[in-house]
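Here are my notes for you to read alongside the structure. Keep it open and look up each residue as we get to it.

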Amino acid sequence: MQLTLLKAKLHKATVTEANLNYTGSITIDKTLLEQSGILVWEKVSIVNNNNGARFETYVIEGEANSGTICLNGAAARLVQPGDKIIIMAYAIMSPEEAKEHTPGVFILDDENRIRERI
């Protein structure tokens, strides 16, 4: 049996841009990706705290230390700049691996910098 567990979570990320004309995905600051362990092209789930929208997409890398959180393509219709979102990446593992696993949960400040890891 394989289980799907939370790998990493960026909590209270602030949307900086919504680009309807891009081909899809979420652009995330390179530094946040490195600190959280979320990978380029990785599938992520997103929850919009402002309107309740829930959706999935994949990650592309934004400029390091830019604070960029940009929803692209169709997902841009589900957010507005300034919205607070939660970005979650998951990992598939065995029950034995799951027993030892601890996800990285990162609380962000208003500039999309990690304020706290819980």
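1. Let's start with the parts list. This is a predicted model, and the protein in it has two helices and nine strands. If you walk along the sequence, those elements come in the order β-β-β-α-β-β-β-β-α-β-β.

2. Next, the overall size. For 118 residues, a compact globule would have a radius of gyration near 13 Å, and the protein comes out at 14 Å, so the two agree. The C-alpha atoms fill a box of roughly 45 × 25 × 25 Å along the principal axes.

3. How much of the chain is buried? Buried residues make up 47% of the 118 residues. As for who touches whom, take the contacts with a separation of 6 or more: 79% of them come from residues 24 or more positions apart.

4. Counting charged side chains gives 12 positive and 15 negative ones, with the centres of the two sets 5 Å apart.

5. Have a look at Thr14, which sits in strand S1 (residues 3-14). Is Thr14 buried or exposed? Its relative accessible area is 12%, and the cut-off for buried is under 20%, so Thr14 counts as buried. The side chain of Thr14 makes a polar contact of 2.6 Å with the side chain of Lys84. Leaving out residues up to four places away in sequence, Thr14 touches Ile69, Gly82, Asp83, Lys84, Asp109, Asp110 and Asn112.

6. Keep Asn112 from that list in view. Asn112 belongs to the loop between strand S8 (104-108) and strand S9 (114-117). With a relative accessible area of 2%, Asn112 is under the 20% cut-off and therefore buried.

7. There's a backbone point to check too. Most residues other than glycine have a negative phi. Which way does the phi of Asn112 go, positive or negative? Asn112 has a positive phi of about 65°, although it is not a glycine.

8. Lys12 is another one to click on. Lys12 also isn't a glycine, yet it has a positive phi of about 70°. Where is Lys12? You'll find Lys12 in strand S1. Lys12 has a relative accessible area of 38%, which lies between the 20% and 50% cut-offs, so this residue is partly exposed.

Definitions and conventions:
Residues are numbered from 1 along each chain as its sequence is written. This is a predicted model: local features need pLDDT of at least 70, side-chain atom pairs count only at pLDDT 80 or more; totals for chains, interfaces and linings use all residues. Side-chain values use heavy atoms; hydrogens and water are left out. Helices (H or I, at least four residues) and strands (E, at least two) are DSSP runs, numbered from the N terminus. The radius of gyration is taken over C-alpha atoms; the globule rule is 2.2 Å times the number of residues to the power 0.38. Buried means under 20% relative accessible area, exposed over 50%, partly exposed in between (1.4 Å probe, protein chains only). Contact means heavy atoms within 4.5 Å. Lys and Arg count as positive and Asp and Glu as negative; His and the chain ends are not counted. The place of a charge is taken as NZ of Lys, CZ of Arg, CG of Asp or CD of Glu. A polar contact is a pair of N or O atoms within 3.5 Å; within protein, one must be able to donate a hydrogen and the other to accept it, and residues adjacent in sequence count only if both atoms are side-chain atoms.
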